[in-house]
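This briefing looks at how two chains meet and at how one of them is folded. Please have the sequence and the structure at hand while reading.

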Amino acid sequence: MNSAGPSSSSSRPWGLLLVLLGLGTLLTLASDPLQTASGTQNAFLRVDNLVANVATPMSWMAIMALGATLVILTGGIDISVGSIFGLSALATAAVLQRFAVDASAWLVLPTALAVALGVGTACGLVNGLLVAGLRIHPFIVTLGTLSIFRGIGLVAVRDKTLPSLGEQLPTAFTEGFVGARWNVGDTFLQPVPMIVMLVCTVIVGVYLARRVGGRQLYALGGNEEAARYAGLPTTRLRVRVYALAGLLAGVAGLLSCGFYQSANTATGEGYELAVIAAAVVGGASLQGGRGTALGALLGALVIKLIENGIDILREIDLGLFVLPISKEYSKILIGLAILAAVAVDRLGEVWRRARAAG
Amino acid sequence: MGSLARGSLSVAAVDARGIVKRFAGQVALRGVDLRVAIGSCHGLLGENGAGKSTLGRVIAGVHKPDAGELAVMGKPARWTSPRDALRAGVAMVHQELAFCPELSVAENLHLGRWPTRGGFVQRRAMESAAREALVPVGLDIDPARAVGSLSTAQEQLLQIAQALASGARLVVFDEPTSSLDDAECQRLLALVQRLVREGLTVIWVSHRLPEVLAICDRMTVLRDGEMAGELEGSNATEERLVEMLVGEHRELRAAKAETAPPPRDLAAPAEQAPAFLRVEGLQGERGLGPIDLEVRAGEIVGLEGLLGSGRSRLLATLFGLLPRHAGRVFVGDTELPPNNVRAALNAGVALVPEDRKRQGLVLGLDAARNVALGQEARWQRGALLDLAAEQHDTHAALAELDVRGLRPGAAVAALSGGNQQKVVLARWLSQSPRVLLVDEPTRGVDVGAKAAIHARLHALAASGTAILLVSSDRPELRALSSRVIPMARNVT
Ligand SMILES: Nc1ncnc2c1ncn2[C@@H]1O[C@H](COP(=O)(O)OP(=O)(O)OP(=O)(O)O)[C@@H](O)[C@H]1O
Ligand SMILES: [Mg+2]
């Protein structure tokens with residue numbers, strides 16, 4: 001499937017789209033019909049499910065996967081994103097609960113943005129400076145900060161959930177912005193997270209393809225020494241990707257906080273795995289030098305579809321035998337599905353390589 | 001040399017017929033025949049991208065041919081890996097050296113077959129075996145040393161020792177002398193001649209015609225993946241080889257390459273020109289310096305010295321890649337701060353590094369992006385890059401150096417060694433630097449392209465660039481430089 005194009009980077013999305021198509025078909029065929037007010041619908045293939053259960057909750061994951069892709073592109077790794085996500089959501093809630101419920105949007109939104117993005121970027125900068133300045137392996141650095149950023153939330157928020165009892169976040173932020181509803185027929189959409197996700201994808205995509213700093217990341221990840229010899233500001237680039245990953249985790253935290261109208265000290269725990277999986281499924285190479293924004297988006301979609309499938313299916317009738325799907329199996333299934341998705345996607349690559357190398 | 005009725009032997013060391021090798025979108029070999037007599041030294045020549053390395057790799061089991069018959073020592077060879085070839089007595093000394101730098105000499109020598117007892121590696125046994133294996137190549141080093149600390153020449157000898165220790169009877173050498181200096185070259189040639197006398201069969205890939213003429217009994221010339229001709233060592237001359245190498249249609253280019261006199265007249269005005277690159281009391285890593293030197297605008301100054309004499313370190317220190325401990329560097333009237341590549345670049349300094357794989361190229365990116373590397377800002381229009389303009393300019397730079405085998409989007413790793421070298425040069429030459437530091441500019445480049453690169457360097461100097469040149473290729477150094485500075489043990 002990857003043999004279509006001359007280079008792996010341009011042909012990669014095709015493999016992923018194939019995975020998505022297969023996954024979508026499987027889920028559509030396997031899911032039961034569902035009786036709703038407007039007649040019989042497929043439990044999977046209906047707007048309600050795809051928007052509310054897939055596209056919206058995938059938004060924060062995809063936005064963080066964009067950041068993870070930037071980092072992985074340079075040959076690094078950031079496993080602290082889940083903690084940054086949680087910390088910026090908590091910080092946003094902590095600040096906004098001091099506003100009146102009906103405070104003006106002009107006051108609330110800039111504050112929310114500044115807090116969430118500021119916290120995210122600051123955390124990312126810490127990662128970047130430690131990685132670039134002390135030359136410690138990024139896995140170790142972010143393993144440490146994963147714990148520290150999470151710990152800061154635990155210490156600062158004694159009652160575990162924000163807003164505190166009796167408090168409420170300003171509606172200008174929640175229902176008025178992140179959770180804003182658009183009525184469509186007899187149901188409604190909450191499109192803001194998705195729109196933010198798409199905007200972020202476009203921005204990161206343009207950054208990687210058309211901006212000097214973005215394009216240089218491929219060289220940094222491909223061969224750092226050659227990048228240095230060519231005069232690239234390698235240290236600055238490296239610090240920047242971690243800061244950007246933090247910034248994007250901040251954006252994600254902001255959305256999650258506004259959408260759920262609350263944040264918890266456990267928010268985002270374990271997210272790093274799904275986020276890194278999304279980036280890798282999306283074609284980012286852990287060796288560095290490869291990855292795209294579109295890939296990150298599609299990778300997150302694959303992961304979310306798999307999770308959704310486990311949610312809505314109880315069993316898959318494979319003809320020969322019936323595969324039971326219960327919640328207990330979900331971790332195993334997600335793991336297997338991730339490996340399978342990557343394998344299908346890479347198969348084409350291996351095949352192309354084998355042909356090239358004889 | 002050793003002419004014992006070699007031609008009468010009916011069994012050939014290598015008998016290849018109609019070998020075809022295709023890579024995605026490209027044919028590297030289109031039906032090549034090659035017969036190598038047992039116990040002979042067979043030269044394999046051709047322009048960059050002609051298919052020499054590919055043919056060598058087919059013989060050594062790295063590539064599987066798409067069509068054709070290969071027999072080695074009279075037996076059909078249908079190998080699927082270098083391991084199979086090694087078992088049949090065929091080894092290859094690669095163009096790009098291939099060892100694990102962190103492991104010791106002994107560990108590398110026996111990689112994949114370390115002696116163990118009860119699951120533990122027998123270090124002693126391994127090291128004494130290694131010491132023995134180093135004897136035939138005359139390499140006197142401690143087998144416990146890390147390979148990363150060896151010089152290129154020593155690493156090369158280590159590869160030969162490894163081949164011999166594994167019982168190889170046929171060794172393919174892919175441009176083994178391209179990174180050696182004169183003395184080391186002579187030593188390697190003498191060693192190979194001795195091994196051939198002792199019965200080893202050698203296939204020798206090289207762009208250095210004099211050395212091929214000196215040691216090869218017979219030579220095959222490839223052109224664009226096809227056999228362009230064969231010559232018996234006794235009636236081969238440099239002229240005839242060049243003719244076969246470049247083909248009749250490119251005779252003109254070859255003629256120019258051979259005869260173009262270096263524009264000596266340029267040296268005269270340079271004499272009066274002010275010093276453009278000025279180095280005062282420079283000291284750097286691992287005992288480099290103190291060094292004083294001056295290069296005038298329009299002048300090419302050659303640094304002559306042995307490998308390890310600090311020439312490359314000097315260039316890297318001037319460019320700001322290695323720390324400068326003391327001394328001052330001036331470009332024109334501006335003083336360069338130490339350890340600052342950007343400042344050097346902004347002052348118009350460029351460095352063509354010696355090791356294209358490690359320092360020159362991002363192998364996973366395509367040639368155009370490698371040329372653009374580090375100067376992307378040139379194509380910035382408003383907030384974004386003008387990709388069309390970038391494509392246009394980089395391709396012009398690549399075309400100017402006649403880089404062959406380009407495919408848009410294909411990783412530069414797929415190019416032949418010489419063409420990769422041209423890509424590195426294309427990046428720096430296309431910037432028209434004011435000070436050019438060049439380290440081994442024509443390593444692995446064919447005869448015609450070498451002349452073209454020399455012409456470019458002369459033209460650059462004529463336009464007022466100050467060039468500081470390092471080359472282990474002494475004739476090249478002499479031909480290019482208007483002045484040669486000897487360098488020994490870190491000082492000039
Ligand atoms: N792995 C590969 N994938 C795709 N193309 C390849 C690969 N290896 C070689 N080629 C192509 O095959 C052709 C022959 O390459 P080869 O390396 O054999 O040339 P060569 O004669 O050794 O040149 P040089 O003198 O520059 O080393 C070139 O056009 C090259 O681009
Ligand atoms: Mg070659």
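The model is predicted, and between chain B and chain A the count of salt bridges is 2. One salt bridge joins Arg358(B) to Glu225(A), with the closest N and O atoms 3.6 Å apart.

**Interface of chain B and chain A**

- On the side of chain B that touches chain A, the elements giving two or more residues are β1 (12–23), α12 (341–346), α13 (356–360), β20 (384–385), α15 (387–400) and α16 (417–429) of chain B.
- The largest share of that side, 4 residues, is supplied by α13(B).
- Sorted by class, the side of chain B that touches chain A holds 20 nonpolar, 6 polar and 11 charged residues.
- In contact across the interface are 37 residues of chain B and 25 residues of chain A, and the two chains bury about 2,500 Å² between them, of which 54% lies on carbon and sulfur atoms.
- With both residues at pLDDT 80 or more, 10 residue pairs are found in polar contact across the interface.

**Fold of chain B**

- Chain B contains 18 helices and 23 strands, and its C-alpha atoms fill a box of roughly 70 × 55 × 45 Å along the principal axes.
- The radius of gyration of chain B is 24 Å, which agrees with a compact globule, because a globule of 492 residues would have a value near 23 Å.
- Of the 492 residues in chain B, 53% are buried.
- Among the contacts in chain B with a separation of 6 or more, 68% are between residues 24 or more positions apart.

Terms used:
Residues numbered from 1 in each chain as written. Chains lettered and ligands numbered in written order. Predicted model: local features only at pLDDT ≥ 70, side-chain atom pairs only at ≥ 80, totals over all residues. Heavy atoms only, no water. Contact = heavy atoms within 4.5 Å. Buried area = accessible area lost by both parts, 1.4 Å probe. Salt bridge = Lys/Arg side-chain N within 4 Å of Asp/Glu carboxyl O. Polar contact = N/O pair within 3.5 Å; in protein donor to acceptor, adjacent residues only side chain to side chain. Nonpolar A, V, L, I, M, F, W, Y, C, P; charged D, E, K, R; others polar. Rg over C-alpha atoms; globule rule 2.2 N^0.38 Å. Buried < 20%, exposed > 50% of the residue type's maximum accessible area, 1.4 Å probe, protein only.
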